Amino acid sequence: MKAAARVIRGFLSLLTGMWVTFRRIFKRPVTLTYPHKKPELSAAFRSAISLIRFDESGSHDCVACLQCQNICPSYCIAIEGEKPEGLKKKRATKFDVDYALCSLCGLCIDVCPTVTLEYSKIYDVADYRPDAFVYDLLEPYRDG
């Protein structure tokens with residue numbers, strides 16, 4: 001009799017598991033098969049900063065005023081600039097950001113007088129080397 005009760009309990013347990021599985025078949029998946037499928041990022045997603053490319057000039061508008069570097073509480077921004085011949089404003093010649101140190105506070109974006117900084121959509125940065133997180137934001141704008 002005990003064996004028959006165990007068989008019945010086991011069968012009911014099996015039916016319960018199959019019922020749960022059957023109900024989940026028609027629902028949306030909870031997980032994502034990353035990196036085969038990229039996640040959909042919300043509009044509120046924030047990652048480290050990047051320079052905005054303006055369509056009018058095809059470039060950024062950083063004037064190397066150093067306000068973002070000076071206000072950064074994490075000391076993750078390093079900027080250098082010079083005044084090119086024929087231009088009235090200074091231009092950034094170096095704009096490095098250490099993403100490993102960035103706290104995503106947004107102070108640099110708020111203080112930028114030329115509104116040339118924004119949050120990037122980078123989400124999959126991983127490495128063992130600390131220097132791998134230092135990005136030159138001017139790299140896409142360099143010739144050659």
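Me: Buried means under 20% relative accessible area, exposed means over 50%, and partly exposed is what falls in between. Why is Tyr135 called partly exposed?

Reply: First, a caution: this is a predicted model. Tyr135 has 29% relative accessibility. The limits are 20% and 50%. The value falls in between, so Tyr135 counts as partly exposed.

Me: Why is Tyr99 called buried?

Reply: Tyr99 has 14% relative accessibility. Buried means under 20%. Tyr99 is therefore buried.

Me: What makes Tyr99 and Tyr135 a stacked aromatic pair?

Reply: Two values matter. The ring centres are 4.5 Å apart, and a pair needs centres within 6.5 Å. The planes make an angle of 25 degrees, and stacked means under 30 degrees.

Me: What makes Lys94 and Glu80 a salt bridge, and what does the pair tie together?

Reply: The closest N and O atoms are 3.9 Å apart. That is within 4 Å, so this counts as a salt bridge. Lys94 lies in strand 3 and Glu80 in strand 2, so parts 14 residues apart in sequence are tied together. Lys94 is partly exposed at 27%, and Glu80 is partly exposed at 45%.

Me: How do you know that Arg129 and Asp127 meet in a salt bridge?

Reply: The N to O distance is 3.1 Å. The limit is 4 Å, so the pair passes. Arg129 is partly exposed at 46%. Asp127 is partly exposed too, at 35%. Shared partners also join Asp61, Lys89 and Arg91 into one network of salt bridges. The whole structure has six salt bridges.

Me: Why is Ile8 called exposed?

Reply: Ile8 has a relative accessible area of 53%. Exposed means over 50%, so Ile8 qualifies. Ile8 is found in helix 1 (residues 2-25). Together with Phe11, Leu12, Leu14, Leu15 and Met18, Ile8 makes a nonpolar surface patch of about 600 Å².

Me: Is Tyr75 buried or exposed, and how do you know?

Reply: Tyr75 has 71% relative accessible area. That is over 50%, so Tyr75 is exposed. Tyr75 is in the loop between helix 2 (67-71) and strand 2 (77-82). Its phi is near 55 degrees, a positive value in a residue other than glycine.

Me: How do you know what the radius of gyration of the protein chain says against a compact globule?

Reply: A compact globule of 144 residues would have a value near 15 Å, but the protein chain has 26 Å. Its C-alpha atoms fill a box of roughly 95 × 30 × 30 Å. The chain has three helices and five strands, in the pattern α-β-α-β-β-α-β-β.

Note on methods. Residues numbered from 1 in each chain as written. Predicted model: local features only at pLDDT ≥ 70, side-chain atom pairs only at ≥ 80, totals over all residues. Heavy atoms only, no water. Phe/Tyr/Trp six-rings, centres within 6.5 Å; stacked < 30°, edge-to-face > 60°. Buried < 20%, exposed > 50% of the residue type's maximum accessible area, 1.4 Å probe, protein only. Patch = residues over 30% accessible without salt bridge, like charges linked within 9 Å, V, L, I, M, F, W, Y side chains within 5 Å. Areas by Shrake-Rupley, 256 points an atom, 1.4 Å probe, with all protein chains shown as cover. Salt bridge = Lys/Arg side-chain N within 4 Å of Asp/Glu carboxyl O. Helix = DSSP H or I, 4+ residues; strand = E, 2+ residues; numbered from the N terminus. Rg over C-alpha atoms; globule rule 2.2 N^0.38 Å.
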